[in-house]
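Hi,

Here is the structure I said I would pass on. Have a look at it first, and then read my notes below.

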There are 2 protein chains.
Amino acid sequence: MRSRDTAVAALKIDLHELTPPADHFFGQCAALHLTFFEQLSHAASNAPQVADKDALARVSGVMLERYEALVARIDHHKLDRTATIQPHLAGAAEFERRTMGADWHEQVAAAHVTIGFLTDFWVNLAAGLDRDDRAAVEQALRAENIEPTLHAIVERVIAANPRLSSRLAVWCRRLVGDTLLQARSALVMHDDNAHDEAQIDPVMTELIGEHTRRMDRLGLTA
Amino acid sequence: MRSRDTAVAALKIDLHELTPPADHFFGQCAALHLTFFEQLSHAASNAPQVADKDALARVSGVMLERYEALVARIDHHKLDRTATIQPHLAGAAEFERRTMGADWHEQVAAAHVTIGFLTDFWVNLAAGLDRDDRAAVEQALRAENIEPTLHAIVERVIAANPRLSSRLAVWCRRLVGDTLLQARSALVMHDDNAHDEAQIDPVMTELIGEHTRRMDRLGLTA
């Protein structure tokens with residue numbers, strides 16, 4: 001299995017021309033991580049087995065740590081936390097609502113797919129921040145790789161109930177649209193739309209490629 | 001304001017004759033802390049303001065740390081995590097369901113009241129464990145005092161909407177019954193019921209006294 005981190009680190013292109021200013025970046029990224037925390041703690045609540053409950057609670061704890069690291073950066077810039085994060089809460093909540101899933105299986109698959117995608121995206125987007133901010137984002141979002149844990153749970157879910165495969169495959173494919181929109185909502189677009197799209201396209205293509213590999217590792221058709 | 005820790009540390013009596021064996025103790029206490037984590041992360045989800053969302057997410061992170069410390073003790077005793085915790089999940093979930101609250105205000109008040117009460121109770125109950133286990137429980141459950149954070153949120157909620165006072169007072173009074181039952185469900189009772197009750201009564205009286213002081217500090221009638 002090719003390491004995700006390696007795959008993304010190998011990305012030769014980034015979105016630095018479209019990176020929002022630090023206040024917008026950290027506000028939206030922090031709001032999104034609150035959402036990830038909620039999504040995973042919700043999945044932990046609904047997990048029928050202790051082992052999955054335990055694993056999901058711990059992963060949601062990692063999201064909380066990432067959130068705290070992002071908030072520390074907001075503090076570092078002497079920005080007001082509420083003014084910086086609040087404007088992004090509604091968009092994050094709407095994304096959470098659209099990707100919530102009808103049952104626990106879909107919730108776990110959604111968390112795996114959307115958090116994986118958006119983590120790669122935000123690390124890429126950090127390329128346009130100044131050096132210290134960029135390093136802080138990379139450190140926070142790469143500190144603990146949660147993908148093996150989520151992968152293992154989804155894999156076990158499918159193994160225990162192979163008939164779920166096709167439903168989860170369709171569900172995860174459906175998530176890509178909302179996840180792409182959520183990612184694009186962070187970008188600062190310019191008047192030269194064609195130029196912007198030329199920056200965005202190859203990055204999104206690579207992130208979707210990584211999504212496909214994530215699905216392949218689960219034996220799901222992307 | 002009298003410190004809660006001092007009040008409880010001053011308890012001259014404890015439940016050591018009724019303390020369950022370590023596997024039961026840590027299994028039930030860990031299951032309960034998963035529930036506290038879920039209760040608080042749920043309240044974080046529902047919080048309308050960033051500041052409260054932030055505070056509740058962090059407090060739920062503290063519950064997760066306590067849970068992890070309790071699980072570490074299960075590991076230390078070379079007990080199987082699932083076999084130790086799973087039997088207590090249904091009871092904890094039922095308690096969570098009964099004390100969930102109809103809206104965010106009730107959720108936050110319930111978390112403050114029930115977690116405060118049960119934390120005191122479990123620290124007291126740890127008196128019957130061996131020295132290392134007892135020290136581990138005290139360290140885990142007293143590591144970060146979450147009460148000021150929860151108190152401040154409930155106080156702010158009431159200040160912003162004074163008409164909530166009477167509803168929250170009734171709600172918190174109603175919680176005491178379920179919380180007492182949850183506490184009692186951990187005790188190992190003996191044939192001599194009168195003797196057991198003579199042990200239990202003064203401890204519960206003191207815990208209810210502490211509950212009353214917690215309510216007083218909020219200006220609520222207990």
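What follows is a walk through what turned up, from the whole chain down to single residues.

First, some ground rules. This is a predicted model, where local features need pLDDT of at least 70, side-chain atom pairs count only at pLDDT 80 or more, and totals for chains, interfaces and linings use all residues. Residues are numbered from 1 along each chain as its sequence is written, chains are lettered from A and ligands numbered from 1 in the order in which they are written, and side-chain values use heavy atoms, with hydrogens and water left out.

**Chain A as a whole**

Chain A has 10 helices and zero strands. Both kinds of element are DSSP runs numbered from the N terminus: helices are H or I with at least four residues, strands are E with at least two. Going along the sequence, the pattern of chain A reads α-α-α-α-α-α-α-α-α-α. Its radius of gyration is 17 Å, close to the 17 Å that the globule rule gives for 222 residues, so chain A is as compact as a globular protein of that length. (That radius is taken over C-alpha atoms, and the rule is 2.2 Å times the number of residues to the power 0.38.) Along the principal axes, the C-alpha atoms of chain A fill a box of roughly 50 × 35 × 30 Å.

Of the 222 residues in chain A, 53% are buried. Buried means under 20% relative accessible area, exposed means over 50%, and partly exposed is in between, using a 1.4 Å probe and protein chains only. Chain A exposes about 9300 Å², and carbon and sulfur atoms supply 53% of that area. These areas come from the Shrake-Rupley method with a 1.4 Å probe, and for residues only the protein chains shown count as cover.

Now take contacts (heavy atoms within 4.5 Å). Among those in chain A between residues at least 6 apart in sequence, 81% join residues at least 24 apart.

**Aromatic pairs**

How many aromatic pairs does a search of the whole structure find? Seven, over all chains. Rings of Phe, Tyr and Trp (its six-membered ring) pair if their centres lie within 6.5 Å; planes under 30 degrees apart count as stacked, over 60 as edge-to-face and the rest as tilted.

One of the pairs is Phe25(A) with Trp122(A): the ring centres are 5.0 Å apart and the planes are at 80 degrees, so this pair is edge-to-face. Phe25(A) sits in helix H2 (residues 22-46) of chain A and Trp122(A) in helix H6 (residues 104-125) of chain A, so the pair ties together parts that are 97 residues apart in sequence. Both residues, Phe25(A) and Trp122(A), are buried.

Another pair is Phe37(A) with Phe37(B), with centres 6.4 Å apart and planes at 80 degrees, so this one is edge-to-face as well. The pair crosses between chains, from helix H2 of chain A to helix H2 of chain B. Phe37(A) is buried, with a relative accessible area of 1%, and Phe37(B) is buried with a relative accessible area of 1%.

Ring pairs also link Phe25(A), Phe26(A), Phe121(A) and Trp122(A) into a cluster.

The 25 residues of helix H2 (residues 22-46) of chain B should span 36 Å at 1.5 Å a residue, and the end C-alpha atoms are 36 Å apart, which agrees. (The expected span is 1.5 Å times one less than the number of residues.) In H2(B), 19 of the 25 residues are buried.

Just after H3(B), Lys78(B) takes a positive phi of about 55 degrees.

**A lysine to look up**

Lys78(B) lies in the loop between helix H3 (50-76) and helix H4 (81-85) of chain B. Is Lys78(B) buried or exposed? At 76% relative accessibility, Lys78(B) counts as exposed. In chain A, Lys78(A) has a positive phi of about 55 degrees although it is not a glycine, and Lys78(A) counts as exposed at 75% relative accessibility.

Cheers
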